[in-house]
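This report describes selected features of one protein chain. The sequence and the structure are shown below, followed by an account arranged by topic.

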Amino acid sequence: MPGDTGDLFAPRADPEAQRRLTPLAERMRPRELGEVAGQAHLLAPGAPLRVLLDAGELPSLILWGPPGCGKRRTVLFIDEIHRFNRAQQDALLPHAEQGTVTLIGATTENPSFEVNAPLLSRCRVLTLHPLAEEDLTALLDRALADEDRGLGRSGVAVEAEALRAVAGACDGDARRALGVLEDAVALHSSRGVEGAVGPEAIREAAGRRILVHDRDREAHYNVVSALIKSLRASDPDAALYWMTRMLEAGEDPLFVARRLVIFASEDVGNADPSALGLATSAYLAVERIGLPEGRIPLAQTTAYLACAAKSNAAYAALGRAAEAVERHGTLPVPMHLRNAPTGLMKGLGYGRGYRYAHDEADGFVAAPNLPDALGEPEFYRPKEVGAEREIGERLAAWRERRRREREASEN
């Protein structure tokens, strides 16, 4: 080919051809501070980063925010700094500490997890927000008007409602918004359609909304946390929303089912003992039928758990029992509770005095079942809610009988 240099990445000789081939989002990168869209909490007069920039006292920074929100490039700029391993991050330490470089790191991941502590302590972390719809709309207007870098030469107008549709469909991501706008204008021009680009062309260019979610990073844990806390707050509408968000974003349905099983025992517990059975059945159903039908038992279980009576008494009792084990160690088992399979063990007193509860008139034995060193602990404290109210009443009567029997044996 004429003019072929053999370099796949060399810029084209024709600047206009090169401009057309460069994505709009790349062409519209800010050239100065005034072109940065959004982030007023950092860049408005009097805001932290603006004060530092105006004073010429820029420290090392970690800019943390979602994709497409406009993380700046200056000094020693390392984009996606979370991709550096620990050793590589350590290599930056002396240079950042001595002021040889001003480090600007940008990341879409939580720095608490992805940037090592020594480097993090030498940087200020500034959190960037997804761009608001008004910020995106202003950015899109600028791209439509710019004849040098934007779409100003296309001669295509875009309806205000269509611009709002772009801004609303892109989850605060400027790069994606500019890409959708560019595709919509290209589709409109290629078809020779009269008039301005409308919302339908935008929807066609945007395609299916891509949800921000991952299976092992912060977005994953944030949505899971929202699901569990909505269930705990007895809000079925919110719980169903977060559960659906996870599934629509590609989350493993068995992960969702496992979380529901845990919740049924940890947060509903004996206030509604059937909840654990329902959650376990939902897990088995999802395991056997998969998606998309597996969403139905998950939705049923999510709604049920959100509306169920709640008690974490059994889970809290587990923690109290664990504390007692940690404090007292392996206390000997009381003799009457020990098994006595041999004559020697019987002779030593193993099992002596044991009373078989089913032989008692009311099926209850008031004899103590814990080592004496523990006294009379109450690990399990039923709540006055749901089925656990009745459990609590029975347990209170049994504990009182045990207390009286213990007092009688001591006297």
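## Helix H8 and helix H9

Helix axes are lines fitted to C-alpha atoms over the stretch in contact, and the angle between their N-to-C directions runs from 0 to 180 degrees. In this predicted model, the axes of helix H8 (residues 133-145) and H9 approach within 9 Å and cross at roughly 125°. H8 is therefore oblique to H9, and the crossing in which H8 passes H9 is right-handed.

From H8, the residues in contact are Glu133, Leu136, Thr137, Leu140, Asp141 and Leu144; from H9, they are Leu163, Arg164, Val166, Ala167 and Gly168. Sorted by class, this contact of H8 with H9 comprises six nonpolar, two polar and three charged residues.

## Helix H15 and helix H16

Helix H15 (residues 274-289) and helix H16 (residues 295-307) have axes that come within 9 Å and cross at roughly 165°. Angles over 145 degrees count as roughly antiparallel, so H15 and H16 are roughly antiparallel to each other. H15 passes H16 in a crossing that is left-handed.

On the H15 side, the contact is made by Ser274, Ala275, Leu278, Ala279, Ala282, Ala285 and Val286, and on the H16 side by Pro297, Leu298, Gln300, Thr301, Tyr304 and Leu305. The contact of H15 with H16 has ten nonpolar and three polar residues, with no charged residues.

The loop between H15 and H16 contains Pro292. The peptide bond leading from Leu291 to Pro292 is cis, and its omega is near 10°.

## The kinked helix H5

Helix H5 (residues 86-98) has a kink of about 25° at Leu92, shortly before the proline Pro94. Leu92 is also among the buried residues of H5, together with Gln89, Leu93 and Ala96.

## Loop residues

Glu80 is located in the loop between E2 and H5, whereas Ser234 is located in the loop between helix H12 (218-232) and helix H13 (236-248). The relative accessibility of Glu80 is 23%, so Glu80 counts as partly exposed. Ser234 is likewise partly exposed, its relative accessible area being 39%.

Is Asp173 buried or exposed? Residues under 20% relative accessible area count as buried; Asp173, with a relative accessible area of 14%, is therefore buried. Asp173 lies in the loop between helix H9 (160-169) and helix H10 (174-190). In sequence, Asp173 and Leu131 are 42 residues apart, while in space their C-alpha atoms are 6.6 Å apart.

## The chain as a whole

The chain has 411 residues, of which 36% are buried. Its secondary structure consists of 19 helices and four strands.

Conventions. Residues are numbered from 1 along each chain as its sequence is written. This is a predicted model: local features need pLDDT of at least 70, side-chain atom pairs count only at pLDDT 80 or more; totals for chains, interfaces and linings use all residues. Side-chain values use heavy atoms; hydrogens and water are left out. Helices (H or I, at least four residues) and strands (E, at least two) are DSSP runs, numbered from the N terminus. Angles under 35 degrees count as roughly parallel, over 145 as roughly antiparallel, 65 to 115 as roughly perpendicular and the rest as oblique. A crossing is left-handed if the near helix is turned anticlockwise from the far one by less than a right angle, and right-handed if clockwise. Contact means heavy atoms within 4.5 Å. Ala, Val, Leu, Ile, Met, Phe, Trp, Tyr, Cys and Pro count as nonpolar, Asp, Glu, Lys and Arg as charged, and the others, Gly among them, as polar. The bend at a residue is the angle between axes fitted to the seven residues ending there and the seven starting there. Buried means under 20% relative accessible area, exposed over 50%, partly exposed in between (1.4 Å probe, protein chains only).
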